[in-house]
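Subject: Structure for you to look at

Hello,

Here is the structure I said I would pass on. Please open it next to this message, and my notes follow below.

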Amino acid sequence: MSTREGVDRVDPGKAVLPATKKQARLVAQLLREFPSSRGLFEYEDYKAAPTRGNASEFITRAIEDNYQQVARKENYVDYIASRPRVQRVGAHGLFTAEDGPLVLSQVAEEVAHHPGVVWLPIISLRREDAARLGYDNAQNWKELLTRSVPEMAKAMDIPLNQFRWYAAFHDEGHHPHVHMVCYSADGKSGFLTKRGIAEVKSMLAKEIFRQDLIAIYQRQTQRRDELTKDAGEVMARFVNEMQTGTLENQRVAQLIWSWPSVCKNAPAKSSTGTCRQQ
């Protein structure tokens with residue numbers, strides 16, 4: 001009801017004003033009824049700056065996350081496919097791996113009468129990350145989810161040929177996100193543990209932030225190469241000082257002598273702790 005067509009939305013000019021009393025009461029109610037909502041990006045934003053705009057974003061997201069508890073599954077599918085700001089693929093926003101058009105009423109009925117467990121995950125990003133990484137459009141999300149399906153099915157203990165999924169991309173202002181509907185076609189398979197949830201989250205994070213990780217790995221490799229080069233130069237200087245008898249630090253000499261691969265061709269050690277030529 002907070003996002004349906006025709007609802008009065010927060011005036012952009014008033015979005016930075018403090019949250020209204022009604023908003024604050026509703027936020028408190030949502031946190032009581034759905035404690036996991038405290039982990040949402042939208043709640044972090046609201047907690048840091050309790051404005052009308054941030055309150056509206058949090059209320060919308062918290063209701064979306066827990067929509068299955070207040071509405072039938074059929075309504076949920078219709079909701080995620082048709083709500084405001086959904087990026088439409090034809091008549092609605094629902095998509096799956098196949099490129100053919102989906103008949104929304106058929107999918108909604110299929111989900112509503114499914115005899116087994118139906119999972120409804122939501123994958124959310126901050127606006128700046130979504131724009132930077134290209135996940136601000138439905139097509140890129142479709143490609144990501146399609147190639148992630150095998151690992152998702154494995155984590156959820158569903159045979160790949162039985163795994164069914166649908167999704168819709170919502171281009172929200174602060175946190176663009178994707179709603180998914182996942183289940184096993186046979187209505188029997190499927191079991192999601194905390195470990196399975198962690199595996200899905202880790203896999204998606206690695207896929208979404210792949211370019212960031214590649215850049216980090218490249219910087220780490222470059223730094224290791226620089227350290228190896230610097231260490232080699234220092235070691236060469238020490239060996240040279242040992243050969244010329246000018247190395248005065250006995251502890252360094254002892255450590256170098258403990259590395260046969262470095263000192264196998266170095267001079268022998270004298271009784272005074274310095275190095276003499278063999």
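Strand β1 (residues 118-119) pairs with β4 in the antiparallel sense, over 2 bridges. Helices (H or I, at least four residues) and strands (E, at least two) are DSSP runs, numbered from the N terminus, and two strands pair if DSSP finds at least two bridges between them. Within this pairing, W119 has C182 of β4 as its bridge partner.

This is a predicted model, in which local features need pLDDT of at least 70, side-chain atom pairs count only at pLDDT 80 or more, and totals for chains, interfaces and linings use all residues. Residues are numbered from 1 along each chain as its sequence is written, and side-chain values use heavy atoms, with hydrogens and water left out.

β4 has other partners. Strand β2 (residues 122-124) is also antiparallel to β4, with 3 bridges, and I123 stands opposite V178. Strand β3 (residues 163-170) runs antiparallel to β4 and is joined to it by 8 bridges; F163 has S184 as its bridge partner there. β3 and β4 form a hairpin, with 6 residues between them.

How many residues of β4 (residues 177-184) are buried? The count is 8 of 8, where buried means under 20% relative accessible area, exposed over 50%, and partly exposed in between (1.4 Å probe, protein chains only). Both faces are covered: H177, H179, V181 and Y183 lie on one side, and V178, M180, C182 and S184 on the other.

Next is helix α8 (residues 194-208). Its 15 residues should span 21 Å at 1.5 Å a residue, and its end C-alpha atoms are 21 Å apart, which agrees. The expected span is 1.5 Å times one less than the number of residues. The buried residues of α8 are G196, V200, M203, L204, E207 and I208. They cover an arc of only 125° around the axis, so they sit on the same side of α8; the arc is that of the directions from the helix axis to the C-beta atoms. An α-helix has 3.6 residues a turn, so residues three or four places apart point the same way. On the other side of α8, K194, R195, K201 and K206 are exposed.

Last, a single residue. S37 lies in the loop between α1 (21-33) and α2 (41-48). Is S37 buried or exposed? S37 is buried, because its relative accessible area is 2%. Leaving out residues up to four places away in sequence, S37 touches L31, Y43, F58, A62 and N66, where contact means heavy atoms within 4.5 Å.

Regards
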